[in-house]
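Biologist: Please bring up the model, and we will go through a few positions and the ligand site in turn.

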Amino acid sequence: MDKQTGRGAPSDALVLFGATGDLAYKKIFPALYAMAKRGVLTVPLIGVASSAWGLTQLRKRVTDSIKREGGIDNHRAFDHLLSLLRYVQGDYNDRATFMTIKQALGRARRPAHYLAIPPSLFPTVIEGLDASGLADHARVIVEKPFGRDLASARTLNRIAQSVFPEDSIFRIDHYLGKEAIMNILYFRFANSFLEPIWNRTCVASVQVTLCEEFGVNGRGAFYESAGCLRDVIQNHLFQIVALLAMEPPAYQGYGAVHSEKAKVFQAMRPLRPEDLVRGQYAGYRKEPGVAKDSDVETFCALRLFIDSWRWEGVPWYLRSGKCLAATAAEVLMELKPPPQQLFDDSRPVAGRANYVRFRLSPSSAVAFAARVKRAGKEFIGDQRELYLLEEQAGEEAPYERLLGDAMAGNGALFTREDAVEAAWAVVDPVLKTHHKVRPYQRGSWGPKEADALIRADGGWHNPMPETRRA
Ligand code: BG6
């Protein structure tokens, strides 16, 4: 910590812009409650929004949110959380709002400002913080998607960096706070046996699927401005790819991990329209907030290449969608078959002989698939998985972890400016230039064109719902 500026010291208040919104309700209040239960929440919490609310309404909203998320099981922590709350009503365009926040901060000098607001309001709020002196020694926490495309991400980065140093900007991608995803980094670099096979010599293809059985769940208006590619692929799925594809970090600090991840995005070939299949589930256009003729994709499958020494020629297939057949997230890294077929069944016609599978959600596991001889005279075998199941008891929820880290000034699980921009550069060419959405039935695996995209590489691996074994 810098003694003069206090830089590096924990934040001494949390200012939550958008306190009456959906994100605060669904994610941030439960995370704050979890922190209160662990005894690590001691700073004032200042909710800011334009609604003409008072502290009573904010407390009620927090109470409802916690009840919805699992209930109040620790009254002391709950009362403590309520006692930390303040509420400031105001227009973000009005300097007086920021002066009121300043008063509400009292003696706090190093606040963390959480922008749980639409990205279009980021510049206004960041400029307001700067003009009122509220940015001094402060941190800013922003939600994904960071920008809508490469140009807007660059503009946002410029605005944020004109006021905050990069190490005080915390761009949240909650996937980085998930245990199973943190384990990809650990598993790859805490073991030595993977490295010899983790490359284009042994890997035939990689696929990452994030599928959800539910639809847009009342978020139609938001979704219309995003679509699947912006909502989860450019961020959540790309982050998973970066962890799988990156080179070993050069040193132990998280800056080294950030640098290697940024290089993966920089090496990704920009997408072309033919690399992409966009789908839309039947009935999406009837969702509240959705245009009757909407062309927004609720499903997206794509093929990408990473033009690096390690991954040259290996196709990476990414797929995500709403109203699909299961809710799960998985990675399947398929290994090349043995060079010679010495047994009749060692290259199974259906299915894959050798692969590494990361189950990321809902359970967390790593599995290695291999063929094992069946008892008897014949040299024929069965497909088996060596299965390492992660114990998830006591796991911090991603928002709890990330909020605590941001307030402590630990940027390990956040995204860096160069990585965000490089990721946008990959998807930028297809944000506007693409085919019209292909319809698909709810409960299916998306439009059939998505199957054609991956046919040459053995087809999609569909994660099984709510099961722990393949
Ligand atoms: C969010 C997206 O970022 O991630 C949602 O906006 C998506 O559309 C969600 O459902 C998936 O996150 P999780 O943690 O539920 O897998």
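Biologist: In which helix is Asn 157 found, and is Asn 157 buried or exposed?
Modeller: This is a predicted model. Asn 157 is found in helix H6, which spans residues 150–163. The cut-off for buried is under 20% relative accessible area.

Biologist: Leaving aside neighbours within four places in sequence, which residues is Asn 157 in contact with?
Modeller: Contact here means heavy atoms within 4.5 Å. With the sequence neighbours within four places left aside, the contacts of Asn 157 are Phe 146, Arg 171, Glu 417 and Glu 421.

Biologist: How much of the ligand's accessible area does the protein cover?
Modeller: A polar side-chain atom of Glu 212 is 2.6 Å from a ligand oxygen. For Asp 231, a side-chain N or O atom lies 2.6 Å from an oxygen atom of the ligand, and for Arg 219 the corresponding distance is 2.8 Å. On its own the ligand has 400 Å² of accessible area, and the protein covers 78%.

Biologist: How many charged residues does the shell around the ligand have?
Modeller: The residues around the ligand include Lys 144, Lys 178, Glu 212, Arg 219, Asp 231 and Lys 322. By class, the shell has 2 nonpolar residues and 2 polar ones, and the charged residues number 6.

Biologist: What separates the C-alpha atoms of Ala 36 and Asp 79?
Modeller: Ala 36 lies in helix H1, residues 22–37, and counts as buried because its relative accessibility is 8%. Beyond four places in sequence, Ala 36 touches Leu 41, Ala 77 and Leu 81. Ala 36 and Asp 79 are 43 residues apart along the chain, and their C-alpha atoms are separated by 9.4 Å.

Key:
Residues numbered from 1 in each chain as written. Predicted model: local features only at pLDDT ≥ 70, side-chain atom pairs only at ≥ 80, totals over all residues. Heavy atoms only, no water. Helix = DSSP H or I, 4+ residues; strand = E, 2+ residues; numbered from the N terminus. Near = heavy atom within 4 Å. Polar contact = N/O pair within 3.5 Å; in protein donor to acceptor, adjacent residues only side chain to side chain. Areas by Shrake-Rupley, 256 points an atom, 1.4 Å probe, with all protein chains shown as cover. Nonpolar A, V, L, I, M, F, W, Y, C, P; charged D, E, K, R; others polar. Buried < 20%, exposed > 50% of the residue type's maximum accessible area, 1.4 Å probe, protein only.
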